[in-house]
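Student: I would like to go through the labels given to parts of this structure and ask what each one rests on.
Tutor: Go ahead.

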Amino acid sequence: MPPKIEYNTDALGSTFERLTRIDALARGANSSAESLKIDAKVFERTIIRSLQRFGDQLVTNLSSKAVNRVLRNERLGEIGPAALICEVMTEKSIRKGFISEAGRYERSCQISDAIKQNGEVEFAILLLPFRTSTPLKNRGTLPDMGEFYTLISLYSLSRACHLAQKKMATLIEDVAKRVGDGARECAQSTATGEKCGIKHLFEAAIQECEQVIKNPKERAATRKLLRKAVANPPRLQVNDKPTFVRLLVELAVSSIPIRSWFAFKDAPLIPVRILACRDAGRYPCFDTVSLDQIANYRAVLSDAVEAFSIDQRFFRLIDYAEIKKSVQGTSGHNEAMRYLAKRKAGFVSDIERLLPTIWSARGRDEMHKVLTEIDQEGVLTPLFEPILFSLEHPYISDVARQTGLDEQQLYFEAMQSIYLPQNDERLERLRRQLIEESLRGAALYCAAYEANTGSKNPVGFDDVAAVFPNALRMSIHQKPESVGHFTVHVSPTRKRTPWHGTASLASGRTPDGICIGIDLAEHLESGGARGVVVCGNEEGLLARHIRARQPVVYLSPTISVSDAQALVELLEGKLLVANG
């Protein structure tokens, strides 16, 4: 049985395999590529315009596809605003994983219920926690262009839900104007209306189309649409037969099914909002991460919301501290914390019992085989490497100081040999500390995840649902369809989120495009990529990047720009596309 990986995207990123391919000599030879310096305000304006264009295009594409699919009426369930919103939120280009028609219908029902109960749809998603300082993944702990991409992507989703409804409303309004007075009142859809008794009106509309439409292909298309409606007509109460026939003709000419007309002719515009819950503080294994580090990460994201003019009617950032404060002391939370302590204790007891065997395992496969003895559910083993590569291991700094070794070199040697016992006593002691710390961290992460997820603990406590009970759940993780979450890609690279890597730009697959992706910083530098470092007055969105000297993005060797102006012109002249 394969290990479960639903709760950690980085487990899919093949980080260890890629780490083992990093050549120590290549690191030294290629990681010194000269950075490209650019004025912070100039680059801020450039990336804002570039990502906004990307977002606008995404909104247009998602909304158009949603309208077209609803008009084709190929899905299960009722037609209406809920179906339209569902089409946006489950579109295959942004959806993570497969979804069946039954799964899509269930999510459409979730949206429909939310509209009936609240008159709006709110989604909640956990993400954007912080960055840990790791020489493998990044060159700083501030958000970079990858996190900005995430903000724009989520904002674009809710905007697309809004625009899809407006597009549909415009189509309906155009038909109503062409029909004239009484278009909306000429017939009503009712459970007790006629079906067979109105078929002659559809036949009359077909005859009129035959007379007024000159183009043979268009005439055939309208005939097909009306014949389809005749085969399974809706139950209607027709109040004005001549006007209704004109309506049928105009709907056929516009390729709008009769059922769509009745579903949308009086439909209100449903507000849709996404709540992005920044989940730093949810997982105790990261409690040692500097609070200032987390605060600076959050501050840049909050500044980005303002800099990108993100409308909070569609998108809001939520700090997990607000959620934690709201649930603390409640009976559900107390029960969940007792579950967490018990689950953690069980894991830790088993880990301690098997540590000598784990340490002596030779190779990755052998260690994973040992871990299955304490992890028969397959929830702990997939977390070992993601936690190993995310924790800020103080032991490495300590050993580097004691031995006089280069800290980064020691980091890579320790990580590459994590599954192989070492002859050097100090290096073996370090390896064992890293394994034990990471296994304990994985146990604590898993226990906290389950304790705060309603479907994973016996009391059904869910931290997000407790604070936002009306919010439908989104997830960045590929969860089973039965969980009912709207799973989405928030990164330009499907197997790595921005906070687990570093943003980079490369030549696009088409002449007018430029690819944005997320990769390991060490891989980027080893491959000859160079960082874009901002300078100038310490103000605006990138002020902290100036102080930290952290690259905002890396440029692949496929991008040959000689100076800052050339980079600006490149980004201004091409469209951003995701590389995943």
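**Labels and their grounds**

Tutor: Ring pairs link Phe16, Phe384 and Tyr419 into a cluster. Keep in mind that this is a predicted model.

Student: What makes Tyr411 and Phe412 an aromatic pair, and why is the pair called edge-to-face?
Tutor: Ring centres have to lie within 6.5 Å to count as a pair, and those of Tyr411 and Phe412 are 5.3 Å apart. Planes over 60 degrees apart count as edge-to-face. The planes here are at 85 degrees, so the pair is edge-to-face. A search of the whole structure finds ten aromatic pairs.

Student: How do you know whether Tyr411 and Phe412 are buried or exposed?
Tutor: Buried means under 20% relative accessible area. Tyr411 has 6% and Phe412 has 3%, so both are buried.

Student: Why is Arg159 said to sit over the ring of Tyr155?
Tutor: The limit on distance is 6 Å from CZ of Arg to the ring centre, along with a limit of 35 degrees from the ring normal. The charged end of Arg159 is 5.4 Å from the centre of the Tyr155 ring, which is within the distance limit.

Student: How do you know that the buried residues of helix 16 line one face?
Tutor: The buried residues of helix 16 (residues 394–403) are Ile396, Ser397, Val399 and Ala400. Seen down the helix axis, they fall within an arc of 165 degrees, so they line one face. Arg401 and Gln402, on the other side of helix 16, are exposed.

Student: What do the buried residues of helix 16 pack against?
Tutor: They pack against helix 17 (407–416) and helix 18 (425–451). Just after helix 16, Gly404 takes a positive phi of about 75 degrees.

Student: What makes helix 16 and helix 18 roughly antiparallel?
Tutor: Their axes come within 10 Å and cross at roughly 170 degrees. Angles over 145 count as roughly antiparallel, so helix 16 is roughly antiparallel to helix 18. Residues making the contact include Ile396 and Val399 of helix 16, and Leu430 and Leu434 of helix 18.

Student: Why is Thr222 called buried?
Tutor: Its relative accessible area is 4%, and the cut-off for buried is under 20%, so Thr222 is buried. Thr222 lies in helix 8 (residues 216–231). Leaving out residues up to four places away in sequence, Thr222 touches Cys209, Ile213, Ala252 and Val253.

Definitions and conventions: Residues are numbered from 1 along each chain as its sequence is written. This is a predicted model: local features need pLDDT of at least 70, side-chain atom pairs count only at pLDDT 80 or more; totals for chains, interfaces and linings use all residues. Side-chain values use heavy atoms; hydrogens and water are left out. Rings of Phe, Tyr and Trp (its six-membered ring) pair if their centres lie within 6.5 Å; planes under 30 degrees apart count as stacked, over 60 as edge-to-face and the rest as tilted. Buried means under 20% relative accessible area, exposed over 50%, partly exposed in between (1.4 Å probe, protein chains only). Helices (H or I, at least four residues) and strands (E, at least two) are DSSP runs, numbered from the N terminus. The arc is that of the directions from the helix axis to the C-beta atoms. Contact means heavy atoms within 4.5 Å. Axes are lines fitted to C-alpha atoms, for helices over the stretch in contact, and angles run from 0 to 180 degrees between N-to-C directions. Angles under 35 degrees count as roughly parallel, over 145 as roughly antiparallel, 65 to 115 as roughly perpendicular and the rest as oblique.
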